[in-house]
Amino acid sequence: MATPMSEIDLHIHTTASDGTMSPSEVVQYAKKKGLRAIAITDHDTIEGIAEGLQEGSKLGLEVIPGVELSVDFPKGTMHLLGYYIDHTNGELLDKLTVVQRARVERNLKMIEKLQRLGIKIELSEIKKAPEDGQTGRPHFAYALVQKGYAKNIQDAFDRYLGKGGPAYVEKFRFSPAEAISVIHKAGGVAVLAHPFTLNQIQLQDLETVVVVLKEKGLDGIETYYPEHSEGQTKFYLYLAQRYGLVVTGGSDFHGLNKDKEELGEGYGDMNCTYNVVEELKSRRETRCRGLS
Ligand SMILES: [Zn+2]
Ligand SMILES: [Zn+2]
């Protein structure tokens, strides 16, 4: 039996954030795999969009401009996906600049904290991510291992860089309402990414979170995702139906060498049809009419 294969993949990272393939390479790969549409959704940046769109139109593959915003949520990790955003929208670009600037400042503060702990390390020693990707804690961890201050990446996180650790610096994040509003103002639709990372063990608690997000204008919920169990997927389908949310899916592909998620397949059981794209488009049209 052939591996189940989606027609689409709406969650993909490129070298613009922490993926290992350039936007062009991702589009070429998706075309080769026979996908009908993909969304490029890099972390807090739209740097890869223009190149992805260009390659898509060259190869005849539908590329949806997207972004994945990190959002403040104390109990777990909340990411919001924006689809069909206008990647030239001034307000969106301003907000993303704030995030990027905060990232640079955060790195400086982490270096200072490490130095104060007696570690001989300079910012120049933190190896930059490939291409112009974002530098973050994994690169710090790698440097600490290289310099002999930690046994391995996990050890570096446990002893220095993990949340609450002596070199940890809080990351700048949007509030959920702000993130949804930024996405809408840029003409996009907002989708809650991989709900399992919210760490809401009680289903009721997750439902409450979704209700609040829905009040802020949430449009969809990423239901098909490699890490989701059958039970979780079922519950997210229920939430989508109950609250009128578009059911989306994506692999969170980061490239061939990193992680195991395969483009358009996830762990081999992802099966999203092109209908999802149609639904997102009609949701966006409804929103745009509402705004005009
Ligand atoms: Zn995410
Ligand atoms: Zn992602």
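Helices (H or I, at least four residues) and strands (E, at least two) are taken as DSSP runs and numbered from the N terminus. On that count the protein chain comes out with nine helices and seven strands. Its radius of gyration, taken over C-alpha atoms, is 19 Å, close to the 19 Å that the globule rule (2.2 Å times the number of residues to the power 0.38) gives for 292 residues, so the chain is as compact as a globular protein of that length. This is a predicted model, in which local features need pLDDT of at least 70 and side-chain atom pairs count only at pLDDT 80 or more, while totals for chains, interfaces and linings use all residues. Residues are numbered from 1 along each chain as its sequence is written, and chains are lettered from A and ligands numbered from 1 in the order in which they are written.

Now for the sheet. Seven strands make an open sheet in the order β1-β2-β3-β4-β5-β6-β7, with mixed pairing (a pair needs at least two DSSP bridges between the strands). At its edges sit β1 (8-12) and β7, each pairing on one side only. Strand β5 (residues 189-192) runs parallel to β6 (residues 220-224), and two bridges join them. Within this pair, Leu192 stands opposite Ile221 in β6.

Buried residues make up 42% of the 292 in the chain.

Notes: Buried ≥ 20, exposed ≤ 12 C-beta atoms within 10 Å, placed from the backbone.
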